[in-house]
Amino acid sequence: MEDSRPVEVATPASSDSTGALLQNLEISGQEKQQQQPDEAEAKNRRSKNKSKKKKKNFVLEPSFPWKVATVKNRGRCAVATRAIKAGEVVVAEQAIAFVPRGQYRKAICHVCGVNVAENGPKFECSACNYTIFCEECYKPPQGSHENYCAVYREIASIARDENCDADLLRLVFNLALKKAGTAQNSKDETCTVDGVIHSCFKDALGLETHRSKAPSSWLEAVRNGCTRLHKIACVGNGGKPAPVSCSIEELEMLATLINTNSHGMGAQNLQNTHVALGLFPYVSILNHSCRPNCCFASEGSVMYVRAVQDIPKGAELCLSYINLYESRRVRKTLLVATKHFDCTCDRCVEPLNTSIDRFLEGCVCHVRGCGGVFLRTAALHEDQASSTTWECDLCSRILDPESMRFKDPPWEVIAKAEERLVAAVRIYSERRFKEARKLLESYLSEFTGKLHPLHVFLFDALTPLMNCCRAMGDAEEGLRVCRLILQCMEKVLPGPSLELANFYFCLGEMYLEKAQASSPVIAKRSNKQAQEAFQRVKSIRGVCLGKPSLPS
């Protein structure tokens, strides 16, 4: 199993969305019934004229069980308007625009987002040598693709020359194409089709960009990239009409909007791979929490958000933007750096000395009979942010690195553990499994008992060790490590997740491997344990994906 840490540009945004987006959202449920009679009658007439094959409304369906509200210390957020059951779809939204990530360019259709590896033949545009079509999308879009094929051909070199992300520039261009389509269609507006929101360009403009908080070096690279993109996409090339009409400043604005609000899309398999990036304005309204009650997963170019637990009426609906098996300090730092807000969710405001978060960064206190963990005093007490001392959360013993000397002090243990882990994982990334396994086992042997068993550094060593064992055919040891991973995750992480399901799938596979190499009695027991693990996979995926099938 690969590490499924999310990429920065592929996570959802802070949800202070405003303007047209919120106005569209607020016209739902009971508010829909309060429209002026003439307006309601006009909408009814339009609805009757639509194709009977698809259900289409120009307001959000009242079946979506939430509304936009302003909550103290949270700002604008999504609040449940009724009780929501685990596994229920909270919102489904078609991407306004999306692009495949560079390394997965040939994995999905660039028009509809389906996995072309699993859905028949694929076709590549011979002119731009970039765009991939599935069989169904191959013919219909060719006329329009020819209008901007030349732009795609140039983006890779622009990104390389200007040190700018090529996927970002492609998504900027695709969003600019959406704007061009909106300008040609004066009736372009948000609607739902068969329960899926189709948002419009003005919805995207309602999202925050956080431009003022972006690093100056990144802004400079984006400006240079957008300047050259403007020349080939908005001015015209070789006498051909320009496919879009945007200023350089507008392209820059779209880039900052995408960087803050885009979501990862793609295969929800054993790697949870983000094969594409997409923009979903309505999904972006849901705030982040380190104890989320919802999760999101895409199917093609549609993003589905589902509840992962029963949610009472009036509760805020939240997603996770980041990896949650991290220390509080790392989570908060990452969110400030990439999403520009200080997390104040329940998990982050709970006193550290009573939160499970303390175990993720704590060193074991060796005072006889204590059983506590040493933490930075600054982490335990906000009023001592400048302190360099360490304090036990139970016996309150204080260690000062400036004036005291101890055997294996926590600050040295932490530094040494991090250095050793980085070295071992580097060997693992080079697929030197035998050597990596030896290093990882030595690492765990040395630091187990010094770091708390749930510590992030110990946890981060387990997945590569499990994969080393599997690569070397040692299912028995792989099983032991996988069970340890699951124990840690179920203690630390709230509720079901695709990552949890995938580790259960690995567990089931290794039980089957063990059964094949065992006596009939052990094989029978191992096969039963494998089926129990696969049943757990189906249960979790049924909640997170709405379908209990096993990953491929």
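Predicted model: local features only at pLDDT ≥ 70, side-chain atom pairs only at ≥ 80, totals over all residues.
Figure 1. The expected span of a helix is 1.5 Å times one less than its number of residues. Of the 19 residues of α17, 14 are buried, so the helix is largely enclosed by the rest of the structure.

**Figure 2. Overall view of the protein.** The secondary structure comes to 18 helices and 19 strands, and 51% of the 552 residues are buried. Among the contacts with a separation of 6 or more, 64% are made by residues 24 or more positions apart. The accessible surface of the protein comes to about 26,300 Å², with carbon and sulfur atoms accounting for 49% of that area.

**Figure 3. Helix α14, its buried side and its cover.** Helix α14 comprises the 15 residues 433-447, and the distance from its first C-alpha to its last is 21 Å, close to the 21 Å expected at 1.5 Å a residue. Its buried residues are Phe433, Ala436, Arg437, Leu440, Tyr443, Leu444 and Phe447. These residues lie on the same side of α14, because they cover an arc of only 130° around the axis. An α-helix has 3.6 residues a turn, so residues three or four places apart point the same way. On the other side of α14, by contrast, Lys434, Lys438 and Ser445 are exposed. The cover over the buried residues of α14 includes α13 (410-429), α15 (456-471) and α16 (475-492). After α14 comes glycine 449, which has a positive phi near 105°.

Figure 4. Leucine 465 and phenylalanine 433 are 32 residues apart along the chain, and their C-alpha atoms are separated by 8.6 Å.

**Figure 5. Histidine 340 and cysteine 343 in the loop between α9 and α10.** Histidine 340 lies in the loop between α9 (328-339) and α10 (346-349), and cysteine 343 is found in the loop between α9 and α10 as well. Histidine 340 has a relative accessible area of 12% and is buried, while cysteine 343, at 1% relative accessibility, likewise counts as buried. Leaving aside neighbours within four places in sequence, histidine 340 is in contact with His210, Lys213 and Leu335. Cysteine 343, with residues up to four places away in sequence not counted, touches His288, Cys290, Lys332, Leu335 and Cys348. The C-alpha atoms of cysteine 343 and threonine 333 are 9.2 Å apart in space, and these two residues are ten residues apart in sequence.

**Figure 6. Aromatic pairs, with tyrosine 321 and phenylalanine 341 in close-up.** A search of the whole structure finds ten aromatic pairs. One of them, formed by tyrosine 321 and phenylalanine 341, is edge-to-face, with 6.2 Å centre to centre and 90° between the planes. Tyrosine 321 lies in the loop between β15 (318-319) and α9, and phenylalanine 341 lies in the loop between α9 and α10, so the pair ties together parts that are 20 residues apart in sequence. Both tyrosine 321 and phenylalanine 341 are buried. Elsewhere, Phe123, Phe133 and Tyr138 form one aromatic cluster.

Figure 7. A disulfide is a covalent bond between the sulfur atoms of two cysteines. The cut-off applied here is a pair of cysteine sulfur atoms within 2.5 Å, and by this rule the count comes to zero disulfides. Cysteine 125 is in no disulfide, and the nearest cysteine sulfur, that of cysteine 149, is 3.6 Å away. Seen from cysteine 149, the closest cysteine sulfur is that of cysteine 125, and the 3.6 Å between them is too far for a bond. Cysteine 125 counts as buried at 9% relative accessibility, and cysteine 149 counts as buried at 6%.

Notes: Residues numbered from 1 in each chain as written. Heavy atoms only, no water. Helix = DSSP H or I, 4+ residues; strand = E, 2+ residues; numbered from the N terminus. Buried < 20%, exposed > 50% of the residue type's maximum accessible area, 1.4 Å probe, protein only. Arc of directions from axis to C-beta. Contact = heavy atoms within 4.5 Å. Areas by Shrake-Rupley, 256 points an atom, 1.4 Å probe, with all protein chains shown as cover. Phe/Tyr/Trp six-rings, centres within 6.5 Å; stacked < 30°, edge-to-face > 60°.
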